[in-house]
Amino acid sequence: MSLRFRVLGSGSGGNATLVEGGGALVLLDAGLGPRQLAERLQSAGVDPAALDAVFVSHEHGDHARGALAFSAKWGVPLALTRGTSRAAGFAAAKMPACEEIAPGETRTIRKLAVRAVAVPHDAASPLAFVVSAGAVSFGHATDLGHLSRGLVDAFRRCDAVLVESNYDPAMLRDGPYPWSLKERILGPFGHLSNGDVGRLLEKGLGAACRQVVLAHLSRKNNHPELALQAAAEALARAGRREVALALATPEGTDWIAVRASRAVGRRRDGQMRLF
Ligand SMILES: [Zn+2]
Ligand SMILES: [Zn+2]
């Protein structure tokens with residue numbers, strides 16, 4: 001069964017990722033305005049009304065900004081936690097449909113399964129997602145302050161992962177943000193640094209993974225080259241030459257196909273030494 005994804009927007013300007021597989025089409029986050037979201041879907045060859053659901057990871061504007069208006073305009077149901085719905089102010093709004101999901105739950109649309117995974121972030125009930133079609137899985141995590149065991153476990157069997165590589169610590173420290181915001185980003189419920197991602201790739205990546213996409217880079221506190229270099233060095237240290245590395249720009253990516261790994265060794269599975 002085939003599975004593919006396409007990032008439509010990434011970073012503080014707005015996040016959205018389209019995933020297609022198992023006869024279904026879903027959006028993970030709708031942080032772009034509804035018109036821009038529709039335009040980017042159309043340039044990906046997708047009719048916005050053909051989407052089966054929009055899963056919203058958390059209430060921050062760069063993930064939820066366009067969700068309500070997009071849902072209403074195109075008749076696409078939202079899927080989100082009760083906490084996110086309340087915090088975003090969606091609870092009282094009129095929506096065509098709203099599916100409540102809880103962390104740990106899996107929603108299946110035709111043959112596409114979307115599992116909600118709790119992540120540590122300063123929002124009401126923030127989620128990462130693992131999307132699976134048959135034996136192929138794609139992990140998607142933006143906005144988390146540290147690598148939780150639950151997330152690393154959920155990602156271990158993924159054939160492709162997208163993970164935020166938000167900041168370079170030196171750039172953040174010396175950058176223009178007020179100290180209170182720097183503390184928030186650096187804290188355990190803020191965002192992942194390039195080094196955090198390196199740790200995930202070196203020690204926590206499952207043997208099945210063949211594709212890593214770095215996303216949600218800060219424009220002020222990171223450079224694409226720094227993020228890519230840190231990730232590439234971590235993969236090299238782990239001897240993972242078979243893993244392709246890509247980066248989502250603010251405008252997103254092209255379609256990326258997720259393929260099931262045939263040669264899944266037992267070498268690395270179960271050898272998580274992050275904790
Ligand atoms: Zn964000
Ligand atoms: Zn956030």
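The donor residues of the zinc ion (ligand 1) follow the sequence spacing D-H-x79-D-x72-H. The model is predicted; local features need pLDDT of at least 70, side-chain atom pairs count only at pLDDT 80 or more, and totals for chains, interfaces and linings use all residues. Residues are numbered from 1 along each chain as its sequence is written, chains are lettered from A and ligands numbered from 1 in the order in which they are written, and side-chain values use heavy atoms, with hydrogens and water left out.

The protein donors of this zinc ion are D62 (OD), H63 (NE2), D143 (OD), D143 (OD) and H216 (NE2). They lie 2.1 to 2.7 Å from the metal. Donors are N, O and S atoms within 2.8 Å of the metal (3.2 Å for Na, K and Ca); water is not among the atoms, so sites may look incomplete. D143 bridges the zinc ion (ligand 1) and the zinc ion (ligand 2). The two ions lie 3.8 Å apart. D62 sits in helix α2 (residues 61-64), and D143 in the loop between β10 (136-141) and α5 (149-155). The pair thus links distant parts of the chain, 81 residues apart. Both D62 and D143 are buried. Buried means under 20% relative accessible area, exposed over 50%, and partly exposed in between (1.4 Å probe, protein chains only).

Helices and strands are DSSP runs numbered from the N terminus (helices H or I, at least four residues; strands E, at least two). Two strands pair if DSSP finds at least two bridges between them. One open sheet has 7 strands in the order β6-β5-β4-β3-β2-β1-β14, with mixed pairing. β6 (98-100) and β14 (256-258) stand at its edges. Each has a single partner strand, so one side of each is left without a neighbour in the sheet. The twist averages 25 degrees from one strand to the next. Within this sheet, β3 (residues 24-28) and β4 (residues 53-55) pair in the parallel sense over 3 bridges. The bridge partner of V26 in β4 is A53.

A second open sheet also has mixed pairing, with 7 strands in the order β7-β8-β9-β10-β11-β12-β13. Its edges are β7 and β13 (244-247). Neighbouring strands are turned by 15 degrees against each other on average, direction ignored. β7 (residues 106-109) and β8 (residues 112-118) pair in the antiparallel sense over 4 bridges. In β8, V114 stands opposite R107, and A113 stands opposite T108. The hairpin has 2 residues between the strands, and R110 takes a positive phi near 50 degrees.

Axes are lines fitted to C-alpha atoms, for helices over the stretch in contact, and angles run from 0 to 180 degrees between N-to-C directions. Contact means heavy atoms within 4.5 Å. α1 lies across β1 (3-9), β2 (16-21) and β3, running at about 140 degrees to β1. Helix α9 (residues 224-237) lies across β12 (211-215) and β13, at about 165 degrees to β13. α1 (residues 34-43) also packs with α3 (residues 67-74) at an angle of about 65 degrees, their axes 9 Å apart. P34, L37, A38, L41 and Q42 of α1 meet A69, F70 and W74 of α3.

The count of disulfides is 0, a disulfide being a pair of cysteine sulfur atoms within 2.5 Å. For C209, the nearest cysteine sulfur is that of C158, 7.5 Å away. C209 is buried, at 1% relative accessible area. C98 counts as partly exposed, at 39% relative accessibility.
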